[in-house]
Amino acid sequence: MKKMNIGVIPGDGVGKEVMPEAVKVLDAIAEVHGGLSFEYKSYPYSCEYYLEHGKMMADDGLEQLKNHDAVFLGAVGNPQLVPDHISLWGLLIAIRREFEQVINVRPAKQLRGIQSPLANPKGFDFVVVRENSEGEYSEVGGRIHRGADEVAIQNAVFTRKGTERAMRFAFDLAKERNSHVTSATKSNGIVHSMPFWDEVFRSVGEDYQDVDTVSNHIDALAAFLITRPEAFDVIVASNLFGDILTDVGAAIMGSIGVAPAANINLNGKFPSMFEPVHGSAPDIVGKGIANPVGQIWTGKMMLDHLGEQELGQKLLDVIEEVLEAGYKTPDIGGNATTKEVTEEIAQRLKAL
Ligand code: ATP
Ligand code: MG
């Protein structure tokens, strides 16, 4: 019996609604598979936890989470209770950093049964590999002078190590997919970091002769994701560019509520963390209509990561079947509840 030991953090808002549903689906998979079981430990870390304890997680929170095969997270943030910079830095970013989750992986795929806002989508299916630890989101810089002479300086940090490992991850992934990597650059406007990025891309690419490569400037690339998203397989991008492209990816899928994501640890010293793209969605909390597909698809990425790709593929097939059969929450044009969608997915899995 293969046991997977999962640390579960439902978090805030709709995270608390979609997480139990995704767990039900994982249990349905384990039931079908026989040789597989999940063991969960749930952690209450959230903005409510902060109000009670003055911190987003227990002092030994990271120590405890470290022991799991993976961390499965819902959503963090409730700006009415706790300012975002406290909740995000105190939990999400603390885990990403401490567990060296240096790569963020975000697939975008046209799912059967969901209407993309694109007029005539031709079956796109790509993955953005986003550098998750450095780049434009560095804390290097500052502000000098006051008033009319004020200057703000923000430095981007690109290390060879950080850039190379993101590229290698993208190329390795492309080998398992359609052997095509697009690099998001802007070396015509950003004159130090982006030419460096291009250089590393070219040199890593030499180790992968059978993978096709293209470099696109970020502005053009963002437009291509609207006009011909089916042309892409794997896209490798810096922290900021990846952030932007993955929101475009979620948008063309039809709803942020379906978009999955993974924060990957590469050195095997710490668990990776699986967390959908959407936030806590305070505007729909308590209505029972949060789309569970993002969380469930994120669970599929966790299965893949833990070596169960075949089951992962089955799960995604069932998700698409259920959407096609019309079990859809309001954000994608249906009138089903979170629980109805999940129940249908779980039933169909058990019937496999
Ligand atoms: P964050 O700052 O945490 O990224 P946000 O406030 O920018 O979050 P979300 O919380 O993701 O963004 O919400 C953005 C919009 O998407 C809201 O209108 C929300 O209702 C909707 N949304 C987010 N997640 C879901 C979901 N699972 N199902 C349906 N709608 C969702
Ligand atoms: Mg928010």
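A residue is near a molecule if its C-beta atom, placed from the backbone, lies within 6 Å of it. The structure discussed here is a predicted model.

Q: How many residues surround ligand 1, and which are the closest?
A: Ligand 1 is surrounded by 16 residues. The closest of them are Gly-257, His-278, Gly-279, Ala-281 and Asn-291.

Q: What classes of residue make up the shell around ligand 1?
A: The shell around ligand 1 holds eight polar, six nonpolar and two charged residues.

Q: Why is Ala-281 called buried?
A: A residue is buried if 20 or more other C-beta atoms lie within 10 Å of its own. Ala-281 has 22 such atoms within 10 Å, and therefore it is buried. This residue belongs to the loop between strand S12 (272-274) and helix H9 (293-305). The phi angle of Ala-281 is near 45°, a positive value in a residue other than glycine.

Q: What makes Ser-179 partly exposed?
A: The partly exposed class lies between the exposed limit of 12 or fewer C-beta atoms and the buried limit of 20 or more. Ser-179 has 15 C-beta neighbours inside 10 Å, so it counts as partly exposed. Its place is in the loop between helix H5 (160-176) and strand S8 (180-185). Phi of Ser-179 is near 55°, which is a positive value in a residue other than glycine.

Q: How do you know that Val-191 is exposed?
A: Val-191 has 10 other C-beta atoms within 10 Å, and so it is exposed. Val-191 is situated in the loop between S8 and helix H6 (193-205). From C-alpha to C-alpha, Val-191 and Tyr-208 are 26 Å apart in space, and they are 17 residues apart in sequence.

Q: Is Thr-185 buried or exposed, and how do you know?
A: Thr-185 has 23 other C-beta atoms within 10 Å and is therefore buried, since the limit for that class is 20 or more. Thr-185 is found in strand S8. Between the C-alpha atoms of Thr-185 and Asp-27 there are 42 Å in space, and these residues are 158 apart in sequence.

Q: Why is Leu-36 called partly exposed?
A: Leu-36 has 18 other C-beta atoms within 10 Å, so it is partly exposed. To be buried, a residue needs 20 or more. Leu-36 is part of strand S2 (residues 36-42). The C-alpha atoms of Leu-36 and Ala-222 are separated by 41 Å, and the two residues are 186 apart along the chain.

Q: What makes His-217 count as partly exposed?
A: Inside 10 Å, His-217 has 17 C-beta neighbours, and so it counts as partly exposed. His-217 lies in strand S9 (residues 212-217). A separation of 23 Å lies between the C-alpha atoms of His-217 and Arg-177, which are 40 residues apart along the chain.

Q: Why are H9 and H10 called roughly antiparallel?
A: Angles over 145 degrees count as roughly antiparallel. The axes of H9 and H10 cross at roughly 160° and come within 7 Å. The two helices are therefore roughly antiparallel to each other. H9 passes H10 in a left-handed crossing.

Q: Why are H10 and H11 called oblique?
A: Helix H10 (residues 309-324) and helix H11 (residues 338-350) pack at an angle of about 125°, and their axes are 9 Å apart. Roughly perpendicular angles run from 65 to 115 degrees, and roughly antiparallel ones are over 145. H10 and H11 are therefore oblique to each other. The crossing in which H10 passes H11 is right-handed.

Q: Where does UniProt place the feature "domain: Isopropylmalate dehydrogenase-like"?
A: In an unreviewed entry, UniProt places this feature at residues 5-345. In the predicted model, that span is 40% helix and 20% strand, and its end C-alpha atoms lie 23 Å apart.

Notes: Residues are numbered from 1 along each chain as its sequence is written. Chains are lettered from A and ligands numbered from 1 in the order in which they are written. This is a predicted model: local features need pLDDT of at least 70, side-chain atom pairs count only at pLDDT 80 or more; totals for chains, interfaces and linings use all residues. Helices (H or I, at least four residues) and strands (E, at least two) are DSSP runs, numbered from the N terminus. Ala, Val, Leu, Ile, Met, Phe, Trp, Tyr, Cys and Pro count as nonpolar, Asp, Glu, Lys and Arg as charged, and the others, Gly among them, as polar. UniProt positions are given in the numbering used here, feature names are shortened, and annotations may be inferred rather than shown by experiment. Axes are lines fitted to C-alpha atoms, for helices over the stretch in contact, and angles run from 0 to 180 degrees between N-to-C directions. Angles under 35 degrees count as roughly parallel, over 145 as roughly antiparallel, 65 to 115 as roughly perpendicular and the rest as oblique. A crossing is left-handed if the near helix is turned anticlockwise from the far one by less than a right angle, and right-handed if clockwise.
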